Amino acid sequence: MTDYTAMKDGIFKSVCSLDCPDQCGLLIHKENGKIVKVQGDPDHPVTQGNICNKVRNVTARLYDEKRLTTPLKRVGQKGEGQFAPITWEEAIETIRQKWTKLIEEKGPESILPYSFYGNMGNLNAEGMDRRFFYRLGSSQLDRTICQSAGTTGYKYTMGASIGTDPEETIHTKLFIFWGINAVSTNMHQITLAQKARKQGAKIVVIDVHKNQTGRMADWFIPLRPGTDSALALGIMHVLFKEERTDDAFLEAYTVGHKELREHVKQYDPDTVERITGVPKDDIITLARMYAETSPSLIRIGNGLQHHDNGGMSIRTISCLPALTGQWLHKGGGAMKSNSSFLSYNETALQRPDLLKERTPRSFNMNQLGSVLTNAEPSVDSLFIYSCNPAVVTPEANKVREGLMREDLFTVVHDLFLTETAAYADIVLPATSAFENEDFYTSYWHHYIQIQEPVIERYGESKSNTEVFRLLAHAMGFEDEAFRETDAELMEQALHHPENPHYEDISYEALKEKKWIKAKRGPFQELKLQTPSGKIELYSEQMKKDGYPALPTYVPLYQESDYPLTFIPGPNHNFLNSTFSLHEKHQKLEKFPKLHMNEQDAKERKIEDGDMVRVLNDRGECELVVSVGQNVLSGVVVSQGLWADQKGKKHLVNGLTPDRLADMGGGATFFSGRVEVEKLSKKK
Ligand SMILES: Nc1nc2c(c(=O)[nH]1)N[C@H]1C(S)=C(S)[C@@H](COP(=O)(O)OP(=O)(O)OC[C@H]3O[C@@H](n4cnc5c(=O)[nH]c(N)nc54)[C@H](O)[C@@H]3O)O[C@H]1N2
Ligand SMILES: Nc1nc2c(c(=O)[nH]1)N[C@H]1C(S)=C(S)[C@@H](COP(=O)(O)OP(=O)(O)OC[C@H]3O[C@@H](n4cnc5c(=O)[nH]c(N)nc54)[C@H](O)[C@@H]3O)O[C@H]1N2
Ligand code: SF4
Ligand SMILES: [Mo]
């Protein structure tokens with residue numbers, strides 16, 4: 001492999017490591033050993049040289065003076081954030097001693113890893129760490145915070161995370177962006193849609209908030225939160241009633257269309273209008289537009305699935321393209337996640353065999369607060385990496401209460417002293433992805449990419465794979481699995497004959513080419529992984545799992561009498577909480593806002609620009625209100641996972657429920673209820 005780190009100057013190819021579907025190709029400009037500029041790689045087949053503002057300004061993060069350079073140990077009270085530098089030897093030895101004692105006294109399940117995808121590189125996100133915690137026999141973590149409800153729902157219909165190839169969407173004539181703020185969160189799908197628009201394509205956006213994506217639509221359709229499956233069922237009702245379905249497709253490629261036809265009779269436009277708030281004429285117009293325009297693409301977002309009924313919403317919407325036979329058209333169909341095309345050899349990389357006969361307990365990551373405060377037997381040590389749970393996890397006040405436990409030994413591995421790291425006993429400095437070798441598999445486009453280290457490690461920082469190798473050595477794990485190099489891990493992960501889309505993919509080929517496209521033919525050649533091998537409009541499996549076998553509208557759980565549904569989503573200039581600590585990105589975003597309907601504001605004597613308190617029984621936060629028409633009455637929307645700085649109360653997850661969604665143990669960030677009060681007049 002080329003050693004770019006040894007080269008002082010030049011322009012090097014790279015990959016964006018952030019948890020974003022676009023997974024852009026990058027060009028890194030390096031001078032005197034430092035990155036001075038980051039650009040999009042114009043040669044990248046999908047992202048074609050364009051990147052977002054966040055990453056264009058990534059040097060402000062990489063070289064932020066707050067970046068960690070050495071391991072730290074806590075010297076003040078828990079949570080106070082007072083630390084002193086220590087050596088790696090001392091850090092690892094402290095962890096070894098604590099863990100050895102805990103294992104002796106309470107067993108390995110008293111230790112819990114907690115991580116997510118702060119870096120999407122597979123070796124670092126879910127490689128060596130998985131080996132380590134399997135071998136340790138620690139409690140395991142169910143990583144459900146992002147997409148698990150929708151992935152489960154989509155899978156009931158389609159068998160796996162497979163959808164339309166984004167590159168084919170230049171042919172699409174109708175785009176429906178459904179519960180996705182793509183201008184901020186999937187910008188290259190917007191670029192493709194804009195190209196198609198020049199050829200006459202129309203863009204429809206279905207959302208609870210008329211944000212930037214809604215504003216660029218030809219038709220924005222607002223609806224009540226959590227009522228999306230009713231709208232989809234209403235469209236199906238019209239399609240069947242007006243005989244606008246593709247019956248040849250339904251017969252050849254689906255199971256249960258006759259049952260569905262009967263079932264959707266109850267979802268007439270009047271009923272659906274009452275549930276969703278979408279006028280019945282609009283429901284009929286949308287259904288006709290969907291029937292008459294081909295190819296059509298539904299880009300299904302993550303917003304929908306962060307509700308109590310999120311799994312069923314996505315299960316239902318994903319049935320729609322089959323009704324009009326859209327899967328057979330280039331650029332037609334749906335896209336929720338395309339990750340299955342690039343799924344690598346997980347067994348080889350993660351080595352679940354290291355568990356041996358043990359079956360340790362597993363905890364749902366959305367309930368970290370309850371786990372830390374209530375688990376029996378207790379969790380007494382946490383190892384947190386690539387994740388910032390004090391900010392991103394539901395019921396964040398409960399999480400913080402847990403992290404404050406005097407008897408909890410917490411280690412945090414991160415690039416910065418995040419809000420979570422402030423609660424640690426030991427903090428370990430992490431490399432940025434530009435300092436590591438790894439491979440990246442997009443969950444939107446079909447390219448697998450390799451990243452070679454571009455710059456030398458910052459200070460004494462270490463990558464996740466290095467840290468877990470060190471820990472394995474310290475714990476006396478002799479297994480070969482912990483001696484293998486990153487290159488060997490990649491070789492194993494990329495040798496995957498079971499995945500038919502991997503025909504052209506191997507470590508050798510990837511090193512040479514930098515990116516390779518998953519091999520896929522047209523829809524007719526896909527082997528669907530549903531039990532029947534067909535698109536399942538009726539699912540026997542769902543029945544077995546305790547759900548209605550046919551797509552169904554299930555209302556949101558009414559958790560309390562608080563009058564407003566609170567939707568705290570991500571924002572444009574941060575990536576979840578990443579970038580929220582950097583002044584440059586804060587300035588781009590200005591301040592955290594709460595969008596509120598005029599009617600709701602008037603009732604509370606709140607005016608545009610006022611500072612307000614958002615509250616419920618779980619917590620409160622303070623935001624600047626933006627009054628207008630871009631949300632329906634009864635809904636308030638905030639954007640961004642802001643850091644707590646200078647005493648400001650920005651913790652939106654202090655208010656979110658840790659209840660689980662209907663499927664996949666998913667999060668319900670957007671189904672909480674709140675009240676809003678005026679705090680002070682605008683300045
Ligand atoms: N700039 C930026 N990009 C990102 C991220 C980021 O933080 N910032 N995060 C990344 C990650 S990890 C993810 S998972 C994705 C998330 O990105 P998206 O898939 O876009 O998901 P969200 O932004 O959570 O929500 C999308 C939309 O759903 C709407 N919504 C909420 N409830 C409902 C509902 O009941 N019905 C409908 N129809 N709409 C609803 C919200 O108003 C929002 O506009 O983005 C990734 N990309
Ligand atoms: N209210 C609300 N909450 C949400 C969401 C929402 O829409 N609304 N979205 C949810 C979703 S979809 C997601 S995916 C989660 C995301 O939540 P997280 O996974 O916590 O994502 P980030 O906030 O980006 O934090 C990632 C952390 O990893 C660190 N990091 C980056 N690279 C590395 C590395 O190589 N090694 C180590 N050790 N650390 C690294 C970064 O510095 C950062 O502190 O948030 C969830 N929380
Ligand atoms: S965050 Fe997304 S859009 Fe921005 S550079 Fe990374 S992959 Fe591209
Ligand atoms: Mo996510």
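A cavity is a set of grid points where a 1.4 Å probe fits but cannot get out. I start from that definition. The model I am looking at is predicted.

**Entry 1: cavities**

I asked how many cavities of 30 Å³ or more the structure holds. I found two. Rolling a probe the size of a water molecule over the atoms shows where empty space is left.

I took the largest cavity and noted about 110 Å³ of space in it. Its lining is made by 17 residues, and Cys20, Asp22, Cys24, Cys52 and Lys54 are the ones nearest its centre. I then looked up which elements give two or more residues to this lining, and wrote down α1 (53-56), α7 and α8 (187-198). Sorted by class, the lining holds ten nonpolar, five polar and two charged residues.

For the second largest cavity I have a volume of about 40 Å³. I listed its lining as Lys13, Ser14, Val15, Gln449, Ile450, Lys514 and Trp515. Two strands, β1 (10-15) and β19 (447-451), each give at least two residues to the lining. Which element gives the most to it? I noted β1, with three residues. The classes here are three nonpolar, two polar and two charged.

**Entry 2: ligand 1**

I went to ligand 1 and found 32 residues around it, with Asp207, Gly226, Asp228, Phe574 and Asn576 coming nearest. By class I wrote down 14 nonpolar, 14 polar and four charged residues in this shell.

The side chain of Thr185 has an N or O atom 2.8 Å from an oxygen atom of ligand 1. Asn302 uses its backbone instead: an N or O atom there lies 2.8 Å from an oxygen atom of the ligand. His572 also has a backbone N or O atom on my list, at 3.1 Å from a nitrogen atom of ligand 1. On its own ligand 1 has 910 Å² of accessible area, and the protein covers 96% of this. The elements that give two or more residues to the shell are α7 (182-185) and β9 (202-207).

Why does ligand 1 lie between domain 2 and domain 3? I noted that domain 2 (164-336 + 526-544) and domain 3 (564-680) both give residues to its shell, so ligand 1 lies between them.

**Entry 3: ligand 2**

Around it I found 32 residues, of which Asp414, Asn464, Pro568, Ser577 and Thr578 come nearest. The shell divides into 15 nonpolar, 14 polar and three charged residues.

A polar backbone atom of Val392 is 2.8 Å from a nitrogen atom of ligand 2. Asp414 has a polar side-chain atom 2.7 Å from an oxygen atom of the ligand. Asn464 has a polar side-chain atom 2.7 Å from a nitrogen atom of ligand 2. The protein covers 96% of the 930 Å² of accessible area that ligand 2 has on its own.

The strands β16 (409-414) and β22 (564-569) each supply at least two residues of this shell. I also checked the domains: domain 1 (72-145 + 342-431 + 458-483) and domain 3 (564-680) both give residues to the shell, so ligand 2 lies between them.

**Entry 4: backbone**

Last, I looked through the backbone angles. Most residues other than glycine have a negative phi, and most peptide bonds are trans. I kept the exceptions below.

I found a cis peptide bond between Ser294 and Pro295, with omega about -5°. Pro295 sits in the loop between α14 (280-292) and β12 (296-300).

Another cis bond runs from Glu376 to Pro377, where omega is near -10°. I placed Pro377 in the loop between α18 (368-374) and β15 (381-385).

Is the phi of Glu243 positive or negative? I noted a positive value, near 50°, and Glu243 is a residue other than glycine. Where is Glu243? I found Glu243 in the loop between α10 (228-241) and α11 (247-253).

Methods
Residues are numbered from 1 along each chain as its sequence is written. Chains are lettered from A and ligands numbered from 1 in the order in which they are written. This is a predicted model: local features need pLDDT of at least 70, side-chain atom pairs count only at pLDDT 80 or more; totals for chains, interfaces and linings use all residues. Side-chain values use heavy atoms; hydrogens and water are left out. A residue is near a molecule or strand if one of its heavy atoms lies within 4 Å of it. A polar contact is a pair of N or O atoms within 3.5 Å; within protein, one must be able to donate a hydrogen and the other to accept it, and residues adjacent in sequence count only if both atoms are side-chain atoms. Accessible areas come from the Shrake-Rupley method with a 1.4 Å probe; for residues, only the protein chains shown count as cover. Helices (H or I, at least four residues) and strands (E, at least two) are DSSP runs, numbered from the N terminus. Ala, Val, Leu, Ile, Met, Phe, Trp, Tyr, Cys and Pro count as nonpolar, Asp, Glu, Lys and Arg as charged, and the others, Gly among them, as polar. Domain bounds come from an automatic or database domain assignment. On a 1 Å grid over the protein atoms alone, a cavity is a set of points where a 1.4 Å probe fits but cannot get out, and a pocket is an open set with protein on both sides within 12 Å along at least five of seven lines; lining residues have an atom within 4 Å of a point. Grid points are joined across faces, edges and corners, and a volume is the space filled by probe spheres set on the points.
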